[in-house]
Amino acid sequence: MSGRAQLMWDEAVTGYDFGPDHPMDPVRLDLTRRLVDAFGLDRDVEVVSAKAAGESTLRLVHREDYVEAVKAASVDPEAADQSYGLGTMDDPAFPRMHDVSALIAGQSVGAAEAVWRGQALHAVNFAGGLHHAMPGGASGFCIYNDASLAIARLLELGAQRVAYVDVDVHHGDGVQAAFWEDPRVLTISLHEHPRTLFPQTGWPEETGADSAEGSAVNVALPAGTGDAGWLRAFHAVVPELIADFRPDVLVTQHGADTHFEDPLAHLAVSLDAQRAVQVACHELAHEYAGGKWIALGGGGYAVVDVVPRSWTHLVGIAAGRPVEPEAMIPEGWRQEVFARTRQLAPARMTDGRWPVAYAEWDAGYDPADRLDQAVLATRRAVFPLRGLLA
């Protein structure tokens, strides 16, 4: 197996553009790609452009009638069929929507194929992670569910166990739905509590169908959770489940919208904690999945201050040349940011909180603490179903 990481990138993915007033500004993808280049990480990854997902691939997850509806809306956006979630405020239709959505999906599927076939040990598609799209409809800024398609392709290629870890601030509902009845896929989502955030799913009691009990795991975090609580919850749930499941491949989704500056949610996580979870996912892949790791992007709407830094850290970790938190950001990139956005770019690759401290779960818990209550709810709902002590 090649030890080299792949970065899946095609400049055309920046055409995933819902319009100037939509929070998912594609500039976040372009700025991330340019920051990766500014740090010289291109020398440590193989930059690959995979082909767009074809119809047979899309149908691994999505219904044929939905794909046809996306195609029709791409030709005539004004006539988009809202019964499929298209042409809505969250998911406005735009020209060539099918083409660019299939291209993003193709990058994640290509990442899955490269890792499974041993062409790369790790692969990153930060344009992906569009985890809300359902088999028969668009949802939450997501047209095609590239994460689910990558997992489905891994299963098609022969994987027996795939673990999916989603740390986006929103519940990974589309991926959970796609594999609700499939015990070969373990989906773990850490997200803001559904009482206070879209999509109002991801309760700890959601544990999978009767045929796959314990294969869906949800940690619903209280609004306001910060670094110490977020990392405590992650480490109280994820490593033990991954160790028990022993996946053939680890797929992770790294939405950057947990950040305290993100305008669409209510967690208070720093860039430094996001980096710590990226490092942890990399280590879990090596410890339990033979190093096979596919890392995706996701949400993130602080498009200058947060997203490019967070995903550049992700690329560096996958490439084996992590960017130090204290690293100064190249001045050329900062000037380019100002020229394009009229915003001042951050100066360093940290929020000043590195290293991030948290209390290990094994040291004890407080049943009156809201964060600990959330962790307990998940452990009690899922762990016994998997033969683990809650």
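**Talking through the core and the sheet**

Modeller: This is a predicted model. Its largest nonpolar core has 133 residues, and Leu86, Ile143, Phe234 and Ile242 have the most contacts inside it.

Biologist: What is Leu86 in contact with, sequence neighbours within four places aside?

Modeller: Quite a list: Tyr66, Ala69, Val70, Ala73, Ala80, Asp81, Asp91, Met97, Ala138 and Ile143. Ile143 is also among the core residues with the most contacts.

Biologist: Why is Thr207 called buried?

Modeller: Buried means under 20% relative accessible area. Thr207 has 11%, so it counts as buried.

Biologist: And where does Thr207 lie?

Modeller: In the loop between strand 5 (185-192) and strand 6 (216-221). Leaving out neighbours within four places in sequence, Thr207 is in contact with residues including Trp180, Ala212, Ala381, Val382 and Leu385.

Biologist: What is the strand order in the open sheet?

Modeller: Eight strands run 2-1-3-8-7-4-5-6, with parallel pairing.

Biologist: What makes strand 2 (45-48) and strand 6 edge strands?

Modeller: Each of them pairs on one side only. On average, neighbouring strands of the sheet are turned by 15° against each other, direction ignored.

Biologist: How do you know that strand 3 pairs with strand 8?

Modeller: Pairing takes at least two bridges. Four join strand 3 (residues 122-125) to strand 8 (residues 293-296), so the two strands pair. One example is Val124, whose bridge partner in strand 8 is Ala295.

Biologist: Which helix packs on the sheet there, touching strand 3 and strand 8?

Modeller: Helix 9 (residues 307-319), which also touches strand 1 (5-8) and strand 2. The direction of helix 9 makes about 170° with that of strand 8.

Note on methods: Residues are numbered from 1 along each chain as its sequence is written. This is a predicted model: local features need pLDDT of at least 70, side-chain atom pairs count only at pLDDT 80 or more; totals for chains, interfaces and linings use all residues. Side-chain values use heavy atoms; hydrogens and water are left out. A nonpolar core is a set of buried Ala, Val, Leu, Ile, Met, Phe, Trp, Tyr and Cys residues joined through side-chain atoms within 4.5 Å. Buried means under 20% relative accessible area, exposed over 50%, partly exposed in between (1.4 Å probe, protein chains only). Contact means heavy atoms within 4.5 Å. Axes are lines fitted to C-alpha atoms, for helices over the stretch in contact, and angles run from 0 to 180 degrees between N-to-C directions.
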